[in-house]
Amino acid sequence: QVQLVESGGGLAQPGDSLGLSCRATGRFFINYSMGWYRQNPGKQRELVAVITSGGSTNYTDSVKGRFTISRDNAKNTVYLQMNSLQPEDTAAYYCYADLRDSNWNRRDYWGQGTQVTVSS
């Protein structure tokens, strides 16, 4: 059974940095892409950043130049380095992975979410 195990997050002040990591465990054949979404209560989940197995990245405009996504393919782990955090970055951050699982089904898997709160 595939699981995404997240770590990191927490409380930060404006201008601070935080890091998130997410490891995909279990049995699967192909890891196409991994990334991060975020969501606040009553709002839609929005894409923050995504990285393909080949290293191509995409960011939402509001985090460009501040956040950096990276991955370790050997560890099936994705990282999100968040610099110059702002209060509007406050949200629950969810890791996702686009995988082809042991039944040869391609689907998205989701982590449990980790809270990031930016406040002075």
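Colleague: Why is Thr52 called partly exposed?

Modeller: In this predicted model, Thr52 has 29% relative accessibility and therefore counts as partly exposed. Buried means under 20% relative accessible area, exposed over 50%, and partly exposed in between, with a 1.4 Å probe and protein chains only.

Colleague: How do you know which strand holds Thr52?

Modeller: Thr52 lies in strand E5, residues 46-52. Strands (E, at least two residues) are DSSP runs, numbered from the N terminus. Residues are numbered from 1 along each chain as its sequence is written. Local features need pLDDT of at least 70, side-chain atom pairs count only at pLDDT 80 or more, totals for chains, interfaces and linings use all residues, and side-chain values use heavy atoms, without hydrogens and water.

Colleague: What is Thr52 in contact with, leaving aside its neighbours within four places in sequence?

Modeller: Tyr32, Ser33 and Arg71 are in contact with Thr52, where contact means heavy atoms within 4.5 Å.

Colleague: What makes a set of residues a nonpolar core?

Modeller: Its members are buried Ala, Val, Leu, Ile, Met, Phe, Trp, Tyr and Cys residues, joined through side-chain atoms within 4.5 Å. The largest such core has 29 residues, and Trp36, Leu80, Met82 and Tyr93 have the most contacts inside it. Strand E9 supplies the largest share of this core, five residues.

Conventions: Helices (H or I, at least four residues) and strands (E, at least two) are DSSP runs, numbered from the N terminus.
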